[in-house]
Amino acid sequence: MIDEFRRAKRRKVADTVIVVDTMVDAVVGRLGNLSETGMLLMANTAMQEDALYQFRFNLNDPQGREAPIEVGAHLLWQDAAHASGQRWSGFRFITVPDDHMKQLRDWIDGPGGQFE
């Protein structure tokens, strides 16, 4: 058995959270899970191996309002999903504005989260 070690707590995304590639203003998939250091994306489009991306997605703030989060991310790995044309894609965040990082941390630590 392989024990996996992660430094950052990950929260499973229960709702559908759409992810937009801001460089081309196109939806590229939906979030699977999220930490303050990266994310799992169910991509519905081909992603370039070892590439850098600029993404935007919305998370609910403590008052239930959608708050936009923008991140710069590096694609670390991809794997085929069961659904045709979709791929699980793992990203490491390389840039997150300070105010967006606070929103991200608040969401990860917020009520109702399922941690992985």
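S2 and strand S5 (residues 52-60) run antiparallel to each other and are joined by two bridges. Strands are DSSP runs of E with at least two residues, helices are runs of H or I with at least four residues, and both are numbered from the N terminus. Two strands count as paired if DSSP finds at least two bridges between them. Across this pairing, Asp21 has Phe55 in S5 as its bridge partner.

S2 (residues 18-21) also pairs with strand S3 (residues 26-34), again in the antiparallel sense, over four bridges. Here Ile18 stands opposite Arg30 in S3. The hairpin of S2 and S3 has four residues between the strands, and Asp25 takes a positive phi near 50 degrees there.

## About the model

This is a predicted model, in which local features need pLDDT of at least 70 and side-chain atom pairs count only at pLDDT 80 or more, while totals for chains, interfaces and linings use all residues. Residues are numbered from 1 along each chain as its sequence is written, and side-chain values use heavy atoms, with hydrogens and water left out.

## The whole chain

Along the sequence they follow the pattern β-β-β-β-β-β-β-α-β.

Of the chain's 116 residues, 41% count as buried; buried means under 20% relative accessible area, exposed over 50%, and partly exposed in between, with a 1.4 Å probe and protein chains only.

## An aromatic cluster

Let us return to Phe55. The structure holds three aromatic pairs, where rings of Phe, Tyr and Trp (its six-membered ring) pair if their centres lie within 6.5 Å, and planes under 30 degrees apart count as stacked, over 60 as edge-to-face and the rest as tilted. One of these pairs is Tyr53 with Phe55, stacked at 5.4 Å centre to centre with 5 degrees between the planes. Tyr53 counts as buried because its relative accessibility is 13%, and Phe55 counts as buried because its value is 0%.

Phe55 also pairs edge-to-face with Phe91, at 5.0 Å centre to centre and 90 degrees between the planes. This pair links distant parts of the chain: Phe55 lies in strand S5 and Phe91 in strand S7 (residues 87-95), 36 residues apart. Phe91 is buried too, like Phe55. Together, Tyr53, Phe55 and Phe91 form one aromatic cluster.

## A charge over a ring

Which ring does the charged end of Arg11 sit over? The ring is that of Trp107, with the charged end 4.1 Å from its centre. A charge sits over a ring if NZ of Lys or CZ of Arg is within 6 Å of the ring centre and within 35 degrees of the ring normal.
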